[in-house]
Amino acid sequence: MPSDRLLGFAQVDVFAETPYFGNPVAVVLDSEGVSDAAMARLARWTNLSETTFVRPPRHPEADYELRIFTPGGEIPFAGHPTLGSAHAWLEAGGRPRSSGALVQECRAGLVEVRRSGADLSFRAPALRRRGPLDDAHVHRIARGLCIDRARILAHSWVDNGPGWAAVRLASADEVLALEPDDQAMRDLMLGVVGPHPEGSPLRFEVRAFALPSGVREDPVTGSLQAGIAQWLIADGTAPRSYQAGQGARLRRRGVLTVRADGDDVWVGGRSVTCVRGTVRL
């Protein structure tokens with residue numbers, strides 16, 4: 001049961017300059033000693049796509065450790081919680097070991113986060129699984145998305161921890177028009193990407209469906225966008241620098257900036273704190 005211990009708390013909107021148009025993450029600061037059961041209970045209660053817990057680092061190169069929970073349980077890495085937690089930690093007076101960057105320790109390993117003015121970006125972690133999906137998986141996805149298999153132009157694993165697979169459609173409009181079947185999607189961690197018309201400020205539109213984690217559709221998803229960027233840049237579909245949108249079907253206006261730097265891909269954007277206070281744990 002909850003104790004009388006009050007911990008610093010922030011709710012941060014990520015990948016948005018205007019509050020309440022990005023993807024929120026709940027961040028508990030100074031959470032050393034909080035049990036796994038208590039963390040999972042709070043994540044279920046907030047009912048956000050992720051709730052994070054900042055703890056002292058164990059790795060000598062890290063600035064802090066981050067535990068990341070969905071309503072369905074703990075995951076090793078997620079993008080918007082990484083940036084939102086870094087934003088909250090810095091606002092609370094956190095001092096990185098290195099100027100202009102910080103290092104997060106999480107279950108997926110060490111993740112570097114860069115600061116450039118008001119923007120934060122993370123280095124995309126190496127994909128745990130890549131390459132084409134098998135035919136049965138692609139047909140399951142088509143059934144779940146309620147589209148003909150022929151409309152899936154390309155597909156790949158883009159898994160950097162949560163288990164993402166991704167498919168590409170012909171256009172952003174096709175992506176935005178999707179009406180998935182929840183029952184058929186219940187076991188799929190899936191991203192769908194399609195290009196905007198030439199001349200648009202956004203190069204791609206992305207949607208993320210994550211029922212296994214307890215989230216029907218995630219508004220703006222850094223981990224998925226990172227995996228998609230690694231896939232599309234590597235196969236020549238995407239340029240080495242672009243912006244992608246996500247969340248329009250959920251009345252959000254998420255914007256992510258993707259930039260390849262050598263062999264690394266960086267994914268970032270703006271964050272804004274919407275709630276600050278304490279939480280009882």
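## Asp63 and its surroundings

The side chain of D63 reaches the backbone nitrogen of V103 at 2.8 Å. A polar atom of the D63 side chain also lies 2.8 Å from the backbone nitrogen of R97. A polar contact is a pair of N or O atoms within 3.5 Å; within protein, one must be able to donate a hydrogen and the other to accept it, and residues adjacent in sequence count only if both atoms are side-chain atoms.

This is a predicted model, in which local features need pLDDT of at least 70 and side-chain atom pairs count only at pLDDT 80 or more, while totals for chains, interfaces and linings use all residues. Residues are numbered from 1 along each chain as its sequence is written, and side-chain values use heavy atoms, with hydrogens and water left out.

D63 lies in the loop between β3 (51–55) and β4 (64–70). D63 is buried, with a relative accessible area of 11% (buried means under 20% relative accessible area, with a 1.4 Å probe and protein chains only).

## Aromatic pairs

Four aromatic pairs are counted, a pair being rings of Phe, Tyr and Trp (its six-membered ring) with centres within 6.5 Å; planes under 30 degrees apart count as stacked, over 60 as edge-to-face and the rest as tilted. Among them, F53 and F69 have ring centres 5.8 Å apart and planes at 90 degrees, so this pair is edge-to-face. Both F53 and F69 are buried.

The rings of Y64 and W89 have centres 4.9 Å apart and planes at 50 degrees, so this pair is tilted. Y64 and W89 are buried.

Technical notes: Helix = DSSP H or I, 4+ residues; strand = E, 2+ residues; numbered from the N terminus. Buried < 20%, exposed > 50% of the residue type's maximum accessible area, 1.4 Å probe, protein only.
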